[in-house]
Structures are given as C-alpha cells and as structure tokens.
Amino acid sequence: AARPRRRWAMMGSAAAIGLITAVGCGSPATRTKTSSRADFSCKNRRAEYMVTGGFAGPEAGVSVTCDADSGPRIIKYVVDSDNQRRESAHGLGPGEFDALWDRLNSTGWHNLGDCDNDEASDTDPVYSFDLTDDWTSKSMSCAGRTLPFPWDAIVSELDQKAAEYGD
C-alpha cells in the first residue's frame with residue numbers, strides 16, 4: 001500500500017514543479033518581448049535606404065523611423081516614371097522595432113562607409129543609406145545590381161519588414 005502513495009506523491013510533485021516552471025517562465029511571446037510601450041525609447045534611431053535606377057522605378061526606398069509623436073513605423077515608397085510618389089506607412093510595436101534594430105546593428109553599420117563594389121557598372125542602381133542612433137549617424141552609398149555584404153543585409157532587413165505589410 002505504501003508504493004502507490006509514493007507514486008502519487010511523486011506525480012503530484014512533478015505536476016507542481018511543471019506548473020511553477022510554466023508560470024515563472026511565462027509564454028514564449030512574453031519571453032521574446034524586448035520592450036513595452038511603457039519602457040520604450042526611440043533613442044533617435046532611424047534607418048533608410050533609397051535606390052535610384054532600380055527595377056521598381058526611378059527611385060524607391062524603405063525607412064524605419066521612430067519619433068515621440070508617431071512612435072516606431074516603417075515607410076515604403078516608390079516614385080514612378082511620371083514622378084508620382086506612392087507611399088505606405090505602418091506602425092511597428094516597440095518589440096518589433098527593437099528586434100529589427102538588433103538585426104540592423106548586427107550588420108556593423110556603425111563602421112561602414114561607401115562600398116567599393118568592383119562588379120558595379122556605371123548603369124547599375126545606386127543605393128544611398130542613412131542610419132542614425134544616439135551615438136552615430138552614417139550616410140553611405142553603394143552601387144550595383146547585387147550589393148556586397150553587409151549593405152545587402154541592410155536592404156534585405158528593411159525590405160523583409162516592409163513586405164510583412166503587403167504594400
């Protein structure tokens with residue numbers, strides 16, 4: 001008779017430990033959240049690229065900005081051959097903005113300047129970049145149909161985020 005009681009006691013302990021662990025750790029969304037509106041700060045962060053002579057039109061670009069009035073947002077635009085600008089803007093959550101900013105920081109943009117792309121020709125698109133945070137502000141350019149790393153990563157991160165909104 002002692003054996004079944006010990007098994008139930010062990011099962012009860014295991015269930016209690018599992019419940020405490022689940023409550024203590026929170027949901028995956030809680031664990032991966034990087035900030036809330038209450039503790040979020042824009043920190044003067046802005047990242048954008050503009051491409052001239054590209055496939056989408058004479059000029060196109062994506063920027064992610066953050067200011068006290070509108071908060072974090074992403075803006076995508078295209079200027080067509082009639083010089084008409086089409087733009088779409090979407091708000092970003094603080095955690096979403098911080099996650100994107102972490103990926104942009106991983107490119108090492110703080111240490112970049114203009115790229116030297118030996119494969120670029122005079123007729124290739126030209127990408128202009130502007131990135132800013134509390135410590136650094138960089139403007140740089142890179143020409144080419146295919147950009148070298150890490151300039152391509154900056155474009156990819158911004159394009160991916162803009163594509164999530166379907167515009």
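Guide: The following conversation takes the terms one at a time.

Guide: This is a predicted model, in which local features need pLDDT of at least 70, side-chain atom pairs count only at pLDDT 80 or more, and totals for chains, interfaces and linings use all residues. Residues are numbered from 1 along each chain as its sequence is written, and side-chain values use heavy atoms, with hydrogens and water left out.

Visitor: What makes Cys42 and Cys66 a disulfide?

Guide: A disulfide is a pair of cysteine sulfur atoms within 2.5 Å. The sulfur atoms of Cys42 and Cys66 are 1.9 Å apart, and the two residues form a disulfide. The structure holds two disulfides.

Visitor: Which parts does the pair tie together?

Guide: Cys42 lies in the loop between helix H2 (28-32) and S1, while Cys66 lies in strand S2, so the pair ties together parts that are 24 residues apart in sequence. Helices (H or I, at least four residues) and strands (E, at least two) are DSSP runs, numbered from the N terminus.

Visitor: How do you know that S5 and S6 pair?

Guide: Two strands pair if DSSP finds at least two bridges between them. Strand S5 (residues 126-132) and S6 have seven bridges, in the antiparallel sense. Within this pairing, Tyr127 stands opposite Cys142 in S6. S5 and S6 form a hairpin with four residues between them.

Visitor: What joins S3 to S4?

Guide: Seven bridges join these antiparallel strands, and Ile74 stands opposite His90 in S4. S3 and S4 form a hairpin with five residues between them, and Asn83 in the turn has a positive phi of about 65 degrees.

Visitor: What is the order of the strands in the open sheet?

Guide: The six strands run S4-S3-S2-S1-S5-S6, with antiparallel pairing.

Visitor: Why are S4 and S6 called edge strands?

Guide: Strand S4 (85-91) and strand S6 (137-143) each pair on one side only.

Visitor: Which residues lie closest to the centre of the largest pocket?

Guide: On a 1 Å grid over the protein atoms alone, a pocket is an open set of points where a 1.4 Å probe fits, with protein on both sides within 12 Å along at least five of seven lines; lining residues have an atom within 4 Å of a point. Of the 19 residues that line the largest pocket, Tyr49, Val51, Phe55, Ala56 and Tyr127 are the closest to its centre. The largest share of the lining, four residues, comes from H4.
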